[in-house]
Amino acid sequence: MSKGLFITGTDTDCGKTYVTSLIIRALRAERVDAIGYKPICCGDRNDALELVDASDDVVTADQINPVWLRTPAAPHVAAMFENQKIDTDELVQINRQLKEQHQVVITEGAGGLLVPIVGKEYTIAEMAKEIGDPVILVVGNKLGALNHTMLTVEAMRARGVEPAGLVFNNLVDELDTATITNKGIAEEMCGVEVITDVIRGQRDIESWPFLELLGL
């Protein structure tokens, strides 16, 4: 049976695409047919292109990025500006279709958990819940990350989604008191395991935590 993970983040530019690409490459190195899925891009399409590259070009950008809005804003806002309607049912269905063709699909959301896709009724959180895969929260490790992490985890739980784990992405080369202690404090305060942390510029990541989450 095909499986998947859903990657969301504490904020825009927290490193979701970077971490998602590392996970895909790690799984493919273990001969798992893993691909990325970026349902929505707003602004440029670089995130989707990076996932295509991580997937060893076995998919195209159009296959894994069905909605590309050129306005650099939240999907709901970008769609309004471009007079487009986002069909969320179709985006979930494409995820299922990709799972019929590939062993593992790693879905990357847009921005943070509560970024609106169709008004307040349908956010990234609703998409994650509908897709139904274990949700990994990428934390941009910086001053303020504790607050961002706790708020995101609380929002997930309020919607009936229990986070499967945290990945701390270190955004700077030199760590300070906050960035050094954030990982342990966040794990203790929200009760969610830190799967791994990623050093700035890291080229690969261990596959075993993600294989375990996927039951592979």
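Predicted model: local features only at pLDDT ≥ 70, side-chain atom pairs only at ≥ 80, totals over all residues.
Q: Is Thr-149 buried or exposed?
A: Thr-149 is found in helix α7, which covers residues 145–158. Leaving aside neighbours within four places in sequence, Thr-149 is in contact with Thr-10, Leu-137, Val-139, Leu-166 and Ala-186. Because its relative accessible area is 0% and the cut-off for a buried residue is under 20%, Thr-149 counts as buried.

Q: Which elements are included in what covers the buried residues of α7?
A: The buried residues of this helix are Ala-145, Thr-149, Met-150, Thr-152, Val-153, Ala-155 and Met-156. What covers them includes β1 (3–9), β8, β9 and α8.

Q: Which parts of the chain does the pair of Lys-99 and Asp-133 tie together?
A: The side chains of Lys-99 and Asp-133 meet in a salt bridge, with 2.8 Å from N to O. The two residues are 34 residues apart in sequence, so the pair ties together helix α5 (residues 88–101), where Lys-99 lies, and, on the side of Asp-133, the loop between α6 (124–131) and β8 (135–141).

Q: Are Lys-99 and Asp-133 buried or exposed?
A: Lys-99 has a relative accessibility of 12%, and Asp-133 has a relative accessible area of 12%. Because a residue is buried under 20%, Lys-99 counts as buried, and Asp-133 is likewise buried.

Q: Which parts does the pair of Arg-159 and Glu-126 tie together?
A: The side chains of Arg-159 and Glu-126 meet in a salt bridge of 3.7 Å, N to O. Arg-159 is partly exposed at 30% relative accessible area, and Glu-126 counts as partly exposed at 24%. Since the residues are 33 residues apart in sequence, the pair ties together the loop between α7 and β9 (165–170), which holds Arg-159, and, with Glu-126, helix α6.

Q: How many salt bridges does a search of the whole structure find?
A: Side chains of opposite charge can pair when their charged atoms come close. One of the salt bridges joins Arg-28 and Asp-33, whose closest N and O atoms are 3.4 Å apart, and Arg-25, Glu-50 and Asp-53 are linked in a network. The number found in the whole structure is 12.

Q: What is the handedness of the unit made by β9, helix α8 and β10?
A: β9 and strand β10 (residues 194–198) pair in the parallel sense over 4 bridges, and within this pairing the bridge partner of Asn-169 is Val-198 in β10. Together with helix α8 (residues 177–190), the two strands make a β-α-β unit that is right-handed.

Q: How many disulfides does the structure hold?
A: The sulfur of Cys-42 lies 7.5 Å from the closest cysteine sulfur, in Cys-41, which is too far for a bond. Cys-14, which is buried at 1% relative accessible area, is in no disulfide, and the nearest cysteine sulfur to it, that of Cys-41, is 15 Å away. The number of disulfides in the structure is 0.

Note on methods. Residues numbered from 1 in each chain as written. Heavy atoms only, no water. Buried < 20%, exposed > 50% of the residue type's maximum accessible area, 1.4 Å probe, protein only. Contact = heavy atoms within 4.5 Å. Salt bridge = Lys/Arg side-chain N within 4 Å of Asp/Glu carboxyl O. Pairing = 2+ DSSP bridges. Right-handed = clockwise from strand over helix to strand, strands pointing away. Disulfide = S-S within 2.5 Å.
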